[in-house]
Amino acid sequence: MKLIKGMEFYIALGIILFIIVGTAYMYSIDPTKGNVFVYQIINGLQTGCCYALIAFGLSLVWGIMNLCNFAHGDFYTLGAYLALWFSYAVGLPIIISVIITLVVCYIIGMMLERGLLRPAQYVVNPQFAWIITFGLSLFMENLFLNVFGPFPVKPPSLVTGTISILGIGYSLERVLAGTVGLIAVITIYIMLKFTWYGRSLRAVVQDREAAALLGVDISKVFYLSFGFGIMLSALGGILMGPYLLIDPLSGFRPGLKAFVIVVLGGMGSLKGSLIGGILLGIIESLGAAYIAPGYQDAFGFLLLVLTLVFKPEGLFGKEL
């Protein structure tokens with residue numbers, strides 16, 4: 001049992017040892033191959049941190065509300081489109097555009113929970129809320145298509161330029177995205193563990209009735225958490241959009257990756273989302289580099305299948 005509880009330590013240790021041994025082996029064969037291997041590891045860590053950020057929002061909503069939000073990836077697209085609109089159409093500085101976008105997405109999330117999802121989930125049938133999020137996804141995709149058009153666009157970049165990593169140029173946009181994603185995930189995790197708001201969330205997950213008796217406003221926790229989850233997905237779109245580009249269906253893949261990570265780490269487990277995101281990012285990056293770029297997405301779903309077969313509860317089970 002102690003081994004299971006400390007599994008995150010062993011997985012993190014395994015990732016570190018894999019990087020060290022793999023790097024030493026590649027350099028022993030050919031220094032050029034060693035440089036490429038390290039580059040792919042860095043790329044995987046960067047992508048994995050962004051995946052973890054998006055999955056954090058989905059895992060938070062699932063853990064607290066027991067709701068599978070099928071529209072989660074579309075808020076990734078919404079965040080990127082809003083940042084682009086505030087920056088180019090309104091003419092605001094990029095930092096101000098990002099802040100306003102996150103606030104708007106947070107408010108939209110709270111309004112959706114209170115006005116659209118809550119009546120279905122707690123008055124009619126809890127499963128109806130799942131169907132509503134699926135319909136919401138279709139609505140948002142068609143809305144993006146009619147408002148912004150079908151062609152890919154590039155949201156404004158927070159930074160520009162490149163840096164040299166082992167003699168290979170690496171985009172500062174990617175460095176910033178991975179760094180901000182990791183900082184955001186760690187900050188949120190600390191907040192949920194050591195603040196009153198975080199303790200309230202964990203109390204609701206463990207026992208809603210007991211939490212209500214202790215003075216926790218359950219409905220407030222729900223709409224704040226849903227808004228927070230939507231905001232994290234939007235932040236992922238703001239960070240990844242400038243180098244992946246955005247179109248009306250661009251949130252589909254990040255949304256699917258978030259589902260894979262949540263299942264891999266454990267439904268509702270936030271530390272599982274972080275480690276699962278990093279694992280997925282590294283596997284995709286190395287698979288695309290050494291096996292076939294066309295199968296990059298397939299590696300993640302292969303990992304999902306293996307998880308469901310051998311450990312269906314995920315790496316860490318349900319633990320907020």
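Helices (H or I, at least four residues) are DSSP runs, numbered from the N terminus. The expected span of a helix is 1.5 Å times one less than its number of residues. This is a predicted model, in which local features need pLDDT of at least 70 and side-chain atom pairs count only at pLDDT 80 or more, while totals for chains, interfaces and linings use all residues. Residues are numbered from 1 along each chain as its sequence is written, and side-chain values use heavy atoms, without hydrogens and water.

Start with helix H3, residues 31-65. From first C-alpha to last, its 35 residues reach 50 Å, close to the 51 Å expected at 1.5 Å a residue. After H3 comes Asn66, which has a positive phi, near 55°.

A pocket, on a 1 Å grid over the protein atoms alone, is an open set of points where a 1.4 Å probe fits, with protein on both sides within 12 Å along at least five of seven lines; lining residues have an atom within 4 Å of a point. The largest pocket holds about 380 Å³ of space, the volume being the space filled by probe spheres set on the points. Of its 19 lining residues, Tyr51, Met240, Leu244, Arg253 and Gln296 lie nearest the centre.

The second largest pocket holds about 200 Å³. Its lining has 13 residues, and Phe70, Ser137, Phe252, Leu256 and Phe259 are the closest to its centre.

Note on methods: Helix = DSSP H or I, 4+ residues; strand = E, 2+ residues; numbered from the N terminus.
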